[in-house]
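Please take a moment with the sequence and the model below before reading on.

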Amino acid sequence: MYYYKKPFRYLLTIVLHLVLFTYSTSTFGQTMLISPKPPPATLSTSLPPQQAPLPPAPPGVLLKQGYFKGEEGVQLFYRLVGFGKDTIVFIHGGGEGIESGGLEVEFLATKGYTFIEYDQRGMARSELVQDTSKLKVNNHVNDLESLRLYFKLQKMSLIAMSWGAAIMTYYAYQFPHQVRSLVYLSPMPPTAEFGRRRSIAMDSVLGSAKLKRLGELDSLMRKADSTTLRLLKKERSGITDPLYVADPKHLTRKRGNSDLYPDIAKQNRKNISVRRALGGEWDFRPLLKQINAPTLVIEGEKTSIPLDATKVFAEEIKGAKIILIPDSGHNSWFDQPKVLINNLDKFFRSIRKR
């Protein structure tokens with residue numbers, strides 16, 4: 001028996017490590033997959049892309065993940081789900097990668113579509129661009145055109161969430177003949193002034209005590225180590241995330257977890273700024289008036305975000321329609337995922353007939 005003790009302990013150690021690894025890369029009980037090995041960075045001012053966990057594809061659809069080259073060869077991570085005749089490209093919001101809405105909306109692939117999402121430059125699993133002069137909205141627009149060329153798409157149907165609305169708007173203006181249809185999903189404010197109004201409205205919803213704590217947390221996060229940072233971010237999310245849903249219990253439906261990004265990717269967020277990318281002041285309205293593609297605007301009926309800003313997109317784009325998802329906050333993909341997917345499917349099916 002003596003001769004079997006050490007091998008047995010060794011085997012037990014391996015099993016325990018595997019269990020701990022699976023547990024540490026799971027979100028709400030869901031086993032996660034590690035993204036593919038990334039290529040080296042192409043810009044001298046960049047850090048290389050990083051690996052990070054991702055959930056499996058929705059049941060019954062195929063999954064492909066890899067990298068394509070954006071503007072100046074910047075390495076961008078993509079995730080392709082499903083292999084339907086029609087292709088939908090998703091543009092995520094700011095601050096995170098495809099964890100920002102994409103992993104929930106990708107269930108659209110179960111309706112027979114090819115769904116492509118990608119991490120934008122500087123974020124998540126893509127090349128961590130540090131030079132802020134290469135993190136402007138036009139850099140992102142050219143990255144999106146690179147994606148179209150890489151996948152050999154004649155025209156693109158696009159879904160843009162939050163900050164992604166800026167990229168999609170500028171893309172549709174610069175490349176109108178490459179656009180098939182557009183969906184603005186809980187878009188960012190269309191002007192800087194609407195952005196200021198939105199901040200005031202959200203501060204009012206939060207209240208003075210929570211605002212004070214958020215300020216304290218932001219200050220602490222700037223000088224925290226990685227372990228403390230994770231705890232501080234969790235507390236911050238606990239304050240802010242419920243603002244964007246009708247029922248906080250629905251936040252458990254989140255499929256991804258940006259807390260699992262490597263520290264190096266988290267730290268690069270300091271270089272990402274919507275105001276810096278857009279030049280501080282912005283106004284999409286003149287660009288929206290030029291859009292001729294079929295357009296749908298979606299927002300939650302119970303959103304705490306002022307609806308007057310979202311309605312501008314539907315008012316300025318000729319023929320655009322707006323849908324308010326019932327019993328839903330700003331993040332309808334958590335509150336009413338099936339209703340959202342069905343509305344998206346209905347819209348894209350209507351485009352086929354044109």
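In which kind of crossing, left-handed or right-handed, does α6 pass α7? The model you are looking at is a predicted one, and in it α6 passes α7 in a left-handed crossing. Two packed helices are described by the angle between their axes and by the distance between those axes. Helix α6 covers residues 208–221 and helix α7 covers residues 226–240, and they pack at an angle of about 155 degrees with their axes 10 Å apart. Since angles over 145 degrees count as roughly antiparallel, α6 and α7 are therefore roughly antiparallel to each other.

The contact between these two helices can also be followed residue by residue. On the side of α6, the residues involved are Lys210, Arg213, Leu214, Leu217, Asp218, Leu220 and Met221, and they meet Leu229, Leu232, Lys233, Glu235, Arg236, Ile239 and Thr240 in α7.

Stepping back to the whole chain, its secondary structure comes to 13 helices and 14 strands. The radius of gyration is 21 Å, close to the 20 Å that the globule rule gives for 354 residues, so the chain is as compact as a globular protein of that length. Along the principal axes, the C-alpha atoms fill a box of roughly 80 × 50 × 45 Å. Buried residues make up 50% of the 354 residues, and of the contacts with a separation of 6 or more, 72% are between residues 24 or more positions apart.

Apart from its neighbours within four places in sequence, His140 is in contact with Gln120, Arg121, Leu135, Trp163 and Ile167. Ser146 also has its place in helix α3, and with a relative accessible area of 18% it is buried. Leaving aside neighbours within four places in sequence, Ser146 is in contact with Phe68, Lys69, Gly70 and Glu71.

Next comes a matter of backbone angles. Most residues other than glycine have a negative phi. Lys152, however, has a positive phi of about 55 degrees although it is not a glycine, and Lys152 is found in the loop between α3 and β11. At 76% relative accessibility, Lys152 counts as exposed. Ser186, which is not a glycine, has a positive phi of about 45 degrees, but its place is in strand β12, residues 179–187, and at 0% relative accessibility Ser186 counts as buried.

Leaving aside its neighbours within four places in sequence, Glu106 is in contact with Pro56, Ala57, Pro58, Arg79, Val81, Phe115, Glu117 and Arg255. Glu106 and Thr227 are 121 residues apart in sequence, and from C-alpha to C-alpha they are 31 Å apart in space.

Conventions. Residues numbered from 1 in each chain as written. Predicted model: local features only at pLDDT ≥ 70, side-chain atom pairs only at ≥ 80, totals over all residues. Heavy atoms only, no water. Contact = heavy atoms within 4.5 Å. Axes fitted to C-alpha atoms, helices over the stretch in contact; angles between N-to-C directions. Helix = DSSP H or I, 4+ residues; strand = E, 2+ residues; numbered from the N terminus. Parallel < 35°, antiparallel > 145°, perpendicular 65-115°, else oblique. Left-handed = near helix turned anticlockwise from the far one by under 90°. Rg over C-alpha atoms; globule rule 2.2 N^0.38 Å. Buried < 20%, exposed > 50% of the residue type's maximum accessible area, 1.4 Å probe, protein only.
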